[in-house]
Amino acid sequence: MTAKIISICNLKGGVGKTTLVMALAEYLAGDTMYNKRVLIIDLDAQSNLTNAMMSEEVWQWQYNNRGLTLPFLFQKAEYFLEKIYIEDYIVRNDVSNVRSNNSFYCLHLIPSSPKLFTIEDDLTAGSVVTLFQVIQPLLAHYDYILIDCPPNINNIIKSAFYASDYCLIPCVPSRMAIYGLELLLEQINIFNQNYHHQLRPIGTVISRYSNTVYQVENLDLMMINPFIPPIFYTKIPERAKIAESLNFYKNLTYKQKYGDGHDALMKLTQEFIQRLEPE
């Protein structure tokens with residue numbers, strides 16, 4: 001089976017993008033749940049996904065100091081494609097702080113680094129194909145590759161678009177977040193035309209939902225907007241707090257980590273699979 005590659009993106013920050021990538025990866029890969037082989041790629045220079053999914057010491061000494069994080073990969077792409085093994089960039093052990101009675105069937109990570117901030121403006125248009133070239137040898141080894149995208153439009157996020165088959169868009173039902181969603185869809189259309197690509201939105205995930213009058217009104221507007229990708233039935237509630245998610249050393253169960261969001265995230269994962277693997 002060839003991996004399905006999904007970019008998780010929105011041009012508005014604070015919509016729960018990184019949380020969604022982390023949760024989908026952990027629920028998909030759980031060996032008492034779906035037994036999926038999952039690779040997550042942190043393409044955001046803020047590196048929040050990397051910080052949440054692996055030990056800082058391991059990140060520093062075994063990956064960043066050795067030039068095995070994404071910014072180094074982009075910087076030396078030509079050399080990489082000839083002489084560097086992508087396997088060296090992949091964190092395979094002790095990814096995630098979920099440590100319940102089960103382990104993960106297969107959950108791997110390609111980490112990022114804040115160094116990405118210093119190089120993203122210097123990347124040429126040629127770098128758009130870099131991520132695609134890098135992950136081609138990996139497709140047979142995973143069921144899903146999830147890419148956590150930055151909230152902007154530059155050659156970094158375009159590289160995610162070029163590598164991906166689909167995109168998934170988290171959105172808070174607020175006017176600014178909806179506007180960010182609409183701008184993203186415009187940029188995807190432009191990208192598809194310029195690069196003769198077919199990046200397809202699989203849907204919109206409502207996040208940080210509190211069922212206030214304001215949010216209900218905005219959600220109603222989203223539901224009747226024919227240009228917004230189909231909205232997932234499951235909404236991620238505002239009250240879903242990620243307990244100790246950035247404390248990698250505290251071993252947690254799914255319920256402890258995701259609290260009141262646990263049931264919603266399990267249902268969302270099921271919906272996600274149904275959309276990508278229809279019977």
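Lys-36 counts as buried because its relative accessibility is 14%, where buried means under 20% relative accessible area, exposed over 50% and partly exposed in between, with a 1.4 Å probe and protein chains only. What you see is a predicted model, in which local features need pLDDT of at least 70 and side-chain atom pairs count only at pLDDT 80 or more, while totals for chains, interfaces and linings use all residues. Residues are numbered from 1 along each chain as its sequence is written, and side-chain values use heavy atoms, with hydrogens and water left out.

Let us stay with Lys-36. Its side chain meets that of Glu-277 in a salt bridge, 3.3 Å from N to O; the term requires a side-chain nitrogen of Lys or Arg within 4 Å of a carboxyl oxygen of Asp or Glu. The two partners come from distant parts of the chain, 241 residues apart: Glu-277 lies in the segment after α12 (262-276), and Lys-36 in the loop between α1 and β2 (37-42). Helices and strands here are DSSP runs numbered from the N terminus, helices being H or I with at least four residues and strands E with at least two. Glu-277 has 26% relative accessibility and therefore counts as partly exposed.

How many salt bridges does the structure hold? There are 5. One of the salt bridges joins Asp-143 to Arg-37, with the closest N and O atoms 3.1 Å apart. Asp-143 sits in the loop between α7 (130-135) and β4, Arg-37 in strand β2, and 106 residues separate them. At 8% relative accessibility, Asp-143 counts as buried.

Another salt bridge pairs Asp-148 with Lys-17, at 2.9 Å between the closest N and O atoms. This pair also links distant parts of the chain, 131 residues apart, with Asp-148 in strand β4 (residues 144-148) and Lys-17 in helix α1 (residues 17-29). Both Asp-148 and Lys-17 are buried.

I turn now to helix α8. Is it largely enclosed or exposed? Because 7 of its 9 residues are buried, α8 is largely enclosed by the rest of the structure. Among the buried residues are Ile-156, Ile-157 and Phe-161. The buried residues of α8 pack against several elements, including β1 (4-8), α4 (70-75), β4 and α9.

How does α8 meet α9? Helix α8 (residues 155-163) and helix α9 (residues 175-195) pack at about 65°, with axes 11 Å apart. Axes are lines fitted to C-alpha atoms, for helices over the stretch in contact, and angles run from 0 to 180 degrees between N-to-C directions. The two helices are therefore roughly perpendicular; that label covers 65 to 115 degrees, with under 35 roughly parallel, over 145 roughly antiparallel and the rest oblique. Lys-158, Phe-161 and Tyr-162 of α8 make the contact with Leu-184, Ile-188, Phe-191 and Tyr-195 of α9, contact meaning heavy atoms within 4.5 Å.

Helix α9 has a further partner. Its axis and that of helix α10 (residues 213-224) come within 10 Å and cross at roughly 25°, and the two are therefore roughly parallel. Arg-175, Ile-178 and Leu-181 of α9 make this contact with Tyr-214, Asn-218, Leu-221 and Met-222 of α10.

Finally, consider Thr-50, placed in helix α2 (residues 48-53). It counts as buried because its relative accessibility is 3%. Leaving aside residues up to four places away in sequence, Thr-50 touches Asp-42, Trp-59, Leu-109, Pro-111 and Ser-112.
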